Every structure is written in C-alpha cells, then in structure tokens.
Amino acid sequence: MSHGLFEGDTPLAGTRSWLGEQALLLRGFALPRVAVLWPALQAVLAQAPPRHMLTPGGQRMSVALSNCGALGWVSDGRGYRYTPIDPDSGQAWPALPHAFVDLARTAAAEAGFEGFVPDACLINRYRPGTRLSLHQDRDERDFSQPIVSVSLGVPATFLWGGRRRADRVERVPLFHGDVLVWGGVDRLRFHGVAPVRAAAHALTSDERINFTFRRAA
Ligand code: SIN
Ligand code: FE2
C-alpha cells in the first residue's frame, strides 16, 4: 500500500489534536515516510543494538534503548546524561539519518517550533509488558527546544501528565505513524508509557519502537 498504512493502524491518520497549549498530536504524520525510516533505523540498530540500561538506583530498565545523533542519552549507576560515545561499543553513536532529521524538523514546525535541529535521537524498543514510568525529559540544556516523538509498530497507551508528578494523567493511545510534539509551556510535562499489550504488527512483529528527537546540547 502506497500510503504505508497497515490493518490495525490509526483510523485517524491526518487528524491533529492539541494535548496542551504547546503539545500537538499529529496522527499518522510519519506514515508516508515509514518506507525510508525503517531501513535507516535497522542500519542504526545494527551499529548500536538496543540494550537494557541500569537506572541510577541499580534497576534494569524495562525498555531497551539505543541512540543516534551527535549525543545519546545513557543511564547507569552514576546517573542520566548525554554522551557522544556509545558505552557498549566505545564508538560514536550512529549519525542521525537525514530522513529522521527532516521528519523531526517538519513535525516541530507544525506545532509552531520553527528551526528545530535535533542533535540526539533516543530510540526505545518496547515488547509485550514493557513500560516506561512517569518522568520528565530534563537532561537537555535548552528547554526552549521541543521534544518530537515518533511511534512505530504496535500501539501503546501514552501517559500524559502535568507539570507535577501528582497531576492527573491522561491516557492517549499512540499508533503506528503517530507523531507527538511537546515544547514551550508543555516542555516539562510528566509522561510515560503503560505496559505494552501483546499485539502483532506487519512491520515490527510484536514490537513498538519510539524515537524521541531532542536538542540536547
Ligand atoms: C520517552 O519518553 O522517552 C518515550 C515515550 C514513548 O515511548 O512514547
Ligand atoms: Fe521522555
């Protein structure tokens, strides 16, 4: 299918909704680009395979992650930070594929963040049962730059909280091809992912892949 839509994917492709004053959900926005994104992603993951990092508290993360770009987000017993080197390989993280940068820039502009140039892309891999607990993205230097999140594969329930951990959490289903941009007054909203339910997807089998583009430095 030329539009890249699989059975079971969002019936809402092309629609958009604001989840906050400066948080925009673009349903199916990445679908026309999946045919280019997917092989580029495979090349990145061959160079920097997803791994379960340790939290500063010594727990293995449920999600497996990798990175591409000049900087990559890492976690270990010393804390969270961005590094130019993949600690597993001792090499630089794979470069950000052009198709990734272009998607991030275009999506950010739709939400009013013109001129977004990511230098980091965190790739999260979810399998059945994988979850991501509520957190803020605050390891980046400049909070005036947004976060751009792209979802591929099986659906998940995104947990969209407020500026305080205790604030009410909205449950937002995210489907293959959906792109979510948050920045400005919504930049430090708490968010996470509920345990992913077992499902099958034509492209990813039982996996959900999420990339988040950031301006880290
Ligand atoms: C993240 O917060 O880093 C990932 C969010 C998601 O997987 O949708
Ligand atoms: Fe996050």
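A residue is counted as near a molecule if one of its heavy atoms lies within 4 Å of it. In this predicted model, ligand 1 is surrounded on that basis by Asn124, Tyr126, Leu132, His135, Phe158, His191, Val193, Arg208, Asn210, Thr212 and Arg214. By class, the shell holds 4 nonpolar, 5 polar and 2 charged residues.

The site of ligand 1 is the largest pocket. The greatest contribution comes from β13, which gives 4 residues to the shell.

For Tyr126, an N or O atom of the side chain is 2.5 Å from a ligand oxygen. For Asn210, the corresponding distance between a side-chain N or O atom and an oxygen of ligand 1 is 3.3 Å. For Arg214, a polar side-chain atom lies 3.4 Å from an oxygen atom of the ligand. Taken alone, ligand 1 exposes 260 Å², and the protein buries 99% of that area.

Charge pairing was examined over the whole structure, and the search finds 15 salt bridges. One of them joins the side chains of Arg16 and Glu110, with an N to O distance of 2.8 Å. This pair links distant parts of the chain. Arg16 belongs to strand β1 (residues 16–20), whereas Glu110 belongs to helix α2 (residues 98–110). The two residues are 94 residues apart.

Ser205 has a phi near 60°. That value is positive, in a residue other than glycine. Ser205 is located in the loop between β12 and β13.

Definitions and conventions:
Residues are numbered from 1 along each chain as its sequence is written. Chains are lettered from A and ligands numbered from 1 in the order in which they are written. This is a predicted model: local features need pLDDT of at least 70, side-chain atom pairs count only at pLDDT 80 or more; totals for chains, interfaces and linings use all residues. Side-chain values use heavy atoms; hydrogens and water are left out. A polar contact is a pair of N or O atoms within 3.5 Å; within protein, one must be able to donate a hydrogen and the other to accept it, and residues adjacent in sequence count only if both atoms are side-chain atoms. Accessible areas come from the Shrake-Rupley method with a 1.4 Å probe; for residues, only the protein chains shown count as cover. On a 1 Å grid over the protein atoms alone, a cavity is a set of points where a 1.4 Å probe fits but cannot get out, and a pocket is an open set with protein on both sides within 12 Å along at least five of seven lines; lining residues have an atom within 4 Å of a point. A molecule sits in a cavity or pocket if more than half of its atoms lie within 2 Å of its grid points. Ala, Val, Leu, Ile, Met, Phe, Trp, Tyr, Cys and Pro count as nonpolar, Asp, Glu, Lys and Arg as charged, and the others, Gly among them, as polar. A salt bridge is a side-chain nitrogen of Lys or Arg within 4 Å of a carboxyl oxygen of Asp or Glu.
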